[in-house]
Amino acid sequence: MTGGVMDRLSAEAGAAPVVAAAEAEADEEADPPAADREAEVQRSHHWARTGEWDSHAGLPTPQISERRDPYPNRMQMPQGNPLLLSYTLQELLARDTVQVELIPEKKGLFLKHVEYEVSSQRFQSSVYRRYNDFVVFHEMLLHRFPYRMVPALPPKRVLGADREFIESRRRALRRFINLVARHPPFSEDVALRLFLSFSGPDVQNKLKESTQCVGDEFMNCKLAPRAKDFLPADIQTQFAVSRELIRNIYNSFYKLRDRAERIASRAIDNAADLLVFGKELSALGSDTTPLPSWAALNSSTWGSLKQALKGLSVEFALLADKAAQQGKQEENDVVEKLNLFLDLLQSYKDLCERHEKGVLHKHQRALHKYSLMKRQMMSAAVQSREPDSVEQLESRIVEENAIQTMELRSYFSLYCLHQEMQLVHVYLPLTSHILGAFVNSQIQGHKEMSKVWNDLKPKLNCLFAGPNSSLTLSRSPQDGVSPH
C-alpha cells in the first residue's frame, strides 16, 4: 500500500518543481494585467511557502532588488549534499551530558510531588523540573520536529508508586533528555536551551510561548521544498529495508538487555546471600548457650571454633560488597546503555509509524480530493456551465496548493527518515562500548572477589586447629572432605 501511494505521489509531483519555477519566473519578469489575478497568484505563492492561506495578499509586489527573505529565521541550506551526515559517536556524545537526580522533598498536604534536578554540562546549568515539565517539552518537540526521532517519555506515576518505579522513571528521563540534547537539530533549538537553563517559576508557559509563532521544521528549513531532489531513486526500497533492519536489531538488543538485567540482578542477589551467610556465621560464633556436662571435654575446641566463625563474617561482608559493586556497575554501564540504544531504536520505529499513518495517510486523502475536483472540472467543461465565481476559484487554488504542500511534506518526511536512519547507524558503535564495559566488569569483579576468597582460605585451617588436632580441608571424590 505504501509503495502504491508513493508511486502515485512521484508521478503527480514530478512536474511540481517545474511549475513552481515557471510561476516564480513569470512573477519576477512580467506584471499581471489584472489586480485580481495578481492577488490570486500572490496567495498561491504564499501558500506554497508556508502552507497557510493569506487573505490579505494582493499588495504591490516589490522590485527584485528590494526583495528580502520573508522568513529570515529559516534554517540555512547546508553545503554539498545535505542528506548525508558526517557525525561520529564521539561527536554526538560530546554535545552534552545531562544528569537527572531525584530531589527527596515532599510538597503539598496530601500528594507528594517528585522533583528532579537537571544539570547540563553544555549550558553549565542546574534547574528543577517536574514530570509534567518533561511532558510539555516532549509535546513541543513533536510540534517542532514531527519528522524526527523524538524519544518517548516513561509512563506517568501510577497510584501507589514505589521507590523502584520512581528510580526507573528517573533513569528513563535521563536517557530521554540525553538523546534529545545530542540530536543535531534538537540541540540547536531554543526549546532545549529553555528547558535546560531557564530557572524561572513557570517553564511550561515559557516553552509554549517559544513555539507560538514558529512553524515546524518543514516551514523553517530552506531545503524542504527541494527535499525530493536529494533523495535516491530507490528511497521506498531503502525505507522498507531500513525499517526491517531496525526491527530485527531492536528485537536482538531487547533480548540482550533482558539477559544483562538478569546477570546484574543475580550479582546483587548474590551479594545479599553472602552478607546473610556471613551474619549467620557471626551469630553462630556469638552463641552464649552453656555447654552440657557430657561435652565438657571438648569445650576448648568449641570455644576456638566459635571465635574463628565470628571472625569470618568480616570477609563475607567484604565479598558481599564486591558482588554488589559489580551488580551496580553492570546496571549503570551495561543495562543503562542498552536501554539508551533501545530507546533510540524505538523512537525510529515510532517515526516510521507516524510517517505512514500521518503523512502518507493525509497525502492519500489529498490525492483523493484532487481527483474528485478534476472530475468536477471535466464535467463542468462538458456541460458548458457558467464560469466559476471568484470564491470558487480561490477555493480551488487553496485545494491545489494544499495538495502540493502535502506532496512536499511527504518528500521532506522521507528526507528526514533517511537522515534519522544515519543517526541510528552512528550510535551502532555503542555496542562495542557496552560489551567492553560488560567484560571489564566481569574481569574486575571476579579478580577482586578471588582475592578475598584467597585471603579467606587460610583462616579456615584454624577452625579445626584444636589442642588434639590439626586438620585441613581438601576435596575427596567420595565424601567431599578428607582429613590429612
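In which helix is the place of glutamate 244? Glutamate 244 belongs to helix H12. The model is a predicted one.

Now look across to lysine 349. Along the chain, glutamate 244 and lysine 349 are 105 residues apart. Their C-alpha atoms are separated by 9.7 Å.

## The chain as a whole

The protein chain has 484 residues, and buried residues make up 39% of them. It contains 15 helices and three strands.

## Aromatic pairs

The structure holds 14 aromatic pairs. One of them joins phenylalanine 134 and phenylalanine 176. Their ring centres are 6.4 Å apart, with 65° between the planes. This pair is edge-to-face, because an angle over 60 degrees counts as such. Phenylalanine 134 sits in helix H5 (residues 131-144), and phenylalanine 176 sits in helix H6 (residues 163-182). The pair links distant parts of the chain, 42 residues apart. Are these two phenylalanines buried or exposed? Phenylalanine 134 has 0% relative accessibility, so it counts as buried. Phenylalanine 176 has a relative accessible area of 2%, so it is buried too.

A second pair joins phenylalanine 253 and phenylalanine 341. The ring centres are 4.8 Å apart and the planes meet at 65°, so this pair is edge-to-face. Phenylalanine 253 is in helix H12 (residues 235-285), while phenylalanine 341 is in helix H13 (residues 299-383). The pair therefore ties together parts that are 88 residues apart in sequence. Both phenylalanine 253 and phenylalanine 341 are buried.

Which residues do ring pairs link into a cluster? They are Tyr116, Phe134, Phe137, Phe176 and Phe195.

## Helix H6

Helix H6 carries phenylalanine 176. Of the 20 residues of H6, 16 are buried, so the rest of the structure largely encloses this helix.

## Charges over rings

Two arginines sit over aromatic rings. Arginine 144 lies over the face of phenylalanine 145, at 5.0 Å from the ring centre. Arginine 257 places its charged end over the ring of tyrosine 254, 4.7 Å from the centre of that ring.

Valine 118 is in strand E2. It is buried, because its relative accessible area is 0%. Leaving aside neighbours within four places in sequence, valine 118 is in contact with several residues, including Val98, Val100, Val127, Phe134 and Leu196. Phe134 is also a member of the ring cluster. The C-alpha atoms of valine 118 and isoleucine 177 are separated by 9.2 Å, though these residues are 59 apart along the chain.

Glutamine 124 lies in the loop between strand E2 (115-120) and strand E3 (125-130). Glutamine 124 is exposed, because its relative accessible area is 69%. It has a positive phi of about 50°, although it is not a glycine.

## A glutamine in helix H14

Glutamine 422 lies in helix H14 (residues 390-427). Its relative accessibility is 16%, so glutamine 422 counts as buried; the limit for that class is under 20%.

Which residues does glutamine 422 touch, not counting those up to four places away in sequence? They are Leu83, Leu84 and Leu85.

Notes
Residues numbered from 1 in each chain as written. Predicted model: local features only at pLDDT ≥ 70, side-chain atom pairs only at ≥ 80, totals over all residues. Heavy atoms only, no water. Phe/Tyr/Trp six-rings, centres within 6.5 Å; stacked < 30°, edge-to-face > 60°. Helix = DSSP H or I, 4+ residues; strand = E, 2+ residues; numbered from the N terminus. Buried < 20%, exposed > 50% of the residue type's maximum accessible area, 1.4 Å probe, protein only. Lys NZ or Arg CZ within 6 Å of the ring centre and 35° of its normal. Contact = heavy atoms within 4.5 Å.
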